[in-house]
Structures are given as structure tokens and as C-alpha cells.
Amino acid sequence: MQDHGIASRPRRLAHHVLTSLAMTAIAIPALSASWQPPQEPTQWLSVRQSLQNAGKIAVAPWIFFGSLDRESTQAAEYLSNLRAEDGLVEFDGLLLLKRSTASPWSVRPLTMRAICGEGRLERQQADGSWEDYSGRPGTLEKVDWICQQPD
């Protein structure tokens with residue numbers, strides 16, 4: 001039979017403290033785990049290579065960044081050529097877009113940058129100005145990953 005009196009309180013407190021410390025030690029690696037771009041799915045690899053072979057996409061070490069696959073829209077984002085300077089990482093972005101199964105693929109090259117200290121992405125406009133490209137789920141984690149890449 002357990003003694004729940006005053007003498008057992010320090011032992012219960014120690015048990016709770018050790019349990020909390022152990023749970024924290026287990027959780028810390030999960031909390032500090034960085035976001036990583038997913039591996040390029042075979043479907044997107046095929047689309048990208050087909051567009052590269054047709055001369056519609058520059059041959060580059062494109063990093064698959066994510067995709068959207070809905071009935072009305074298919075889209076994938078890529079990036080390449082990351083260049084760091086003064087707290088920014090500028091890079092070449094690429095958007096592959098198809099609005100319907102009957103429409104052709106649209107290829108949109110973009111010049112983008114990650115503002116590392118603010119956790120934001122921006123896209124360069126035709127006139128050279130920059131427009132915010134943030135506000136999507138996971139933007140901060142993606143910016144953190146981008147900012148860790150250039151040497």
C-alpha cells in the first residue's frame with residue numbers, strides 16, 4: 001500500500017519533474033526539426049523534364065518546392081540558383097501551371113527572394129519592384145530552409 005502522506009510528496013515531485021524533463025528531451029528534436037522540400041514526385045519530374053526537353057524551362061538544378069493538384073488546377077513550384085547577400089537570399093523561382101486537362105502547361109519563371117530576418121518571401125515584378133509572396137501556410141519554415149542553403 002502506498003503512503004500518500006507528507007513523506008511521499010518529495011518523491012512524487014521528483015517523479016513529476018523527471019517525467020517532465022524526459023518528455024521535454026523527447027519533444028525538443030521534433031520542435032527543432034527543420035522543414036525540408038519534399039522529394040519531387042514522379043509525375044512532376046516527368047512534366048518538368050518534358051518541358052525542359054522542349055526548351056521551355058532552363059536546364060538547372062531545380063528543387064521541387066511543392067505542388068497543388070486539384071480538378072481545375074495543377075501547379076508546382078521550383079527554385080534554383082540561390083544567392084545570399086545582406087540578409088537576403090535571391091533565387092530563380094519556377095511555376096508550372098495547368099488550368100484544365102485540355103490546356104497546355106504554362107511556365108512562369110520568377111525572380112524571388114527570401115528576407116531572412118523577417119521570414120518573408122517576395123517576388124520581383126516586371127518593373128523591378130518587389131511584391132510580397134508570403135502568407136501561405138509554412139512560409140516561415142520555408143524561408144528558414146532557403147536562408148540556410150547558400151554558403
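How many bridges pair β4 and β5, and in which sense? The two strands pair in the antiparallel sense, over four bridges. The model behind this report is predicted.

## The sheet

Six strands build an open sheet. Their order is β1-β2-β3-β4-β5-β6, and the pairing is antiparallel. β1 (63-69) and β6 (130-132) stand at the edges. Each has a single partner strand, so one side of each is left without a neighbour in the sheet. From one strand to the next, the twist averages 30°.

Strands of a sheet pair through backbone hydrogen bonds. Here, strand β2 (residues 74-85) pairs with strand β3 (residues 88-98) over ten bridges, in the antiparallel sense. Glutamate 85 has leucine 88, in β3, as its bridge partner.

## Two hairpins

The hairpin of β4 and β5 has four residues between the strands. Glycine 119 takes a positive phi there, near 65°. In the pairing of these strands, alanine 114 stands opposite leucine 121 in β5.

The next hairpin joins β5 and β6, with five residues between the strands. In this hairpin, glycine 128 takes a positive phi near 95°. β5 and β6 run antiparallel, joined by three bridges. Glutamate 122 has its bridge partner in β6, namely aspartate 132.

## The helix across the sheet

Which strands does helix α2 lie across? Helix α2 (residues 42-53) lies across β1, β2, β3 and β4 (106-115). The helix runs at about 70° to β2.

## The disulfide

The count comes to one disulfide. A disulfide is a covalent bond between the sulfur atoms of two cysteines. In this model, cysteine 116 and cysteine 147 form the link, with their sulfur atoms 2.0 Å apart. The angle about the S-S bond is -95°, and the link is left-handed.

Where do the two cysteines lie? Cysteine 116 is in the loop between β4 and β5 (120-124), and cysteine 147 is in helix α3 (residues 139-148), so the pair ties together parts that are 31 residues apart in sequence.

## The largest pocket

The largest pocket has a volume of about 270 Å³. Its lining counts 15 residues. Closest to the centre are Leu68, Ala75, Glu77, Leu95 and Arg136.

Which strand gives the most to this lining? β1 does, with four residues. β1, β2 and β3 each supply at least two residues of the pocket lining. By type, the lining of the largest pocket divides into seven nonpolar, three polar and five charged residues.

## The cavity

The structure holds one cavity of 30 Å³ or more. The volume of the largest cavity is about 170 Å³. Its lining is made of 16 residues. Nearest its centre lie Phe65, Glu77, Leu121, Tyr133 and Arg136.

Two or more residues of the cavity lining come from each of β2, β3, β4 and α3. β3 gives the most, with four residues. The lining of the largest cavity divides into eleven nonpolar, two polar and three charged residues.

Conventions: Residues numbered from 1 in each chain as written. Predicted model: local features only at pLDDT ≥ 70, side-chain atom pairs only at ≥ 80, totals over all residues. Heavy atoms only, no water. Pairing = 2+ DSSP bridges. Axes fitted to C-alpha atoms, helices over the stretch in contact; angles between N-to-C directions. Contact = heavy atoms within 4.5 Å. 1 Å grid on protein atoms, 1.4 Å probe; cavity = no way out; pocket = protein on both sides within 12 Å on 5 of 7 lines; lining within 4 Å. Points joined across faces, edges and corners; volume = space filled by probe spheres on them. Nonpolar A, V, L, I, M, F, W, Y, C, P; charged D, E, K, R; others polar. Disulfide = S-S within 2.5 Å.
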